[in-house]
Amino acid sequence: AALAPVLREKDRAEAALREAAAQHGMAFTIVRPGGLLSEPPTGKGALTEDVGVCGSISRDDVAALVVRALFSKKADGRTLTAVDAGRVTTAHGTDGFARFDV
């Protein structure tokens with residue numbers, strides 16, 4: 001509940017980005033990191049379009065995923081969640097999730 005106002009504003013900002021990209025023919029990718037950790041990278045960072053996935057991820061692993069997404073046409077126009085595959089929870093528990101490969 002405490003994050004609700006922030007999440008609403010984030011959704012508005014993402015909608016504005018999508019609208020601006022459509023108006024100007026710009027490519028974009030939105031990467032939504034899970035809970036950010038100030039720990040060394042694990043190298044297990046993963047991207048997914050599954051909105052039921054949540055978890056945490058190191059800042060360095062997020063940076064590596066963002067760089068990969070920047071150079072991938074497959075990521076254009078997508079909204080992706082970045083999580084550490086070893087620290088993920090899905091709507092179905094800790095079972096697997098659909099990874100998005102960039």
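**Close-up views of salt bridges and one buried serine**

The structure holds 7 salt bridges, a salt bridge being a side-chain nitrogen of Lys or Arg within 4 Å of a carboxyl oxygen of Asp or Glu. This is a predicted model, in which local features need pLDDT of at least 70, side-chain atom pairs count only at pLDDT 80 or more, and totals for chains, interfaces and linings use all residues. Residues are numbered from 1 along each chain as its sequence is written, and side-chain values use heavy atoms, with hydrogens and water left out. Side chains of opposite charge can pair when their charged atoms come close.

View 1. Helices (H or I, at least four residues) and strands (E, at least two) are DSSP runs, numbered from the N terminus. E14 is buried, at a relative accessible area of 8%, whereas K10 is partly exposed at 33%. Buried means under 20% relative accessible area, exposed over 50%, and partly exposed in between (1.4 Å probe, protein chains only).

**View 2. R87 and E39 form a salt bridge.** Their closest N and O atoms are 2.8 Å apart. The pair links distant parts of the chain, 48 residues apart: R87 is in the loop between strand 5 (78–84) and strand 6 (88–89), and E39 is in the loop between strand 2 (35–37) and strand 3 (45–48). R87 is partly exposed, with a relative accessible area of 35%, and E39 is also partly exposed, at 36%.

**View 3. E49 pairs with R78 in a salt bridge.** The closest N and O atoms of this pair lie 3.1 Å apart.

**View 4. Five residues belong to one salt-bridge network.** K10, D11, E14, R18 and R32 are joined by salt bridges that share partners.

**View 5. S58 is a buried residue of strand 4.** The relative accessibility of S58 is 3%. Apart from neighbours within four places in sequence, S58 is in contact (heavy atoms within 4.5 Å) with L37, E39, P40 and P41. Among these contacts of S58 is E39, the salt-bridge partner of R87.
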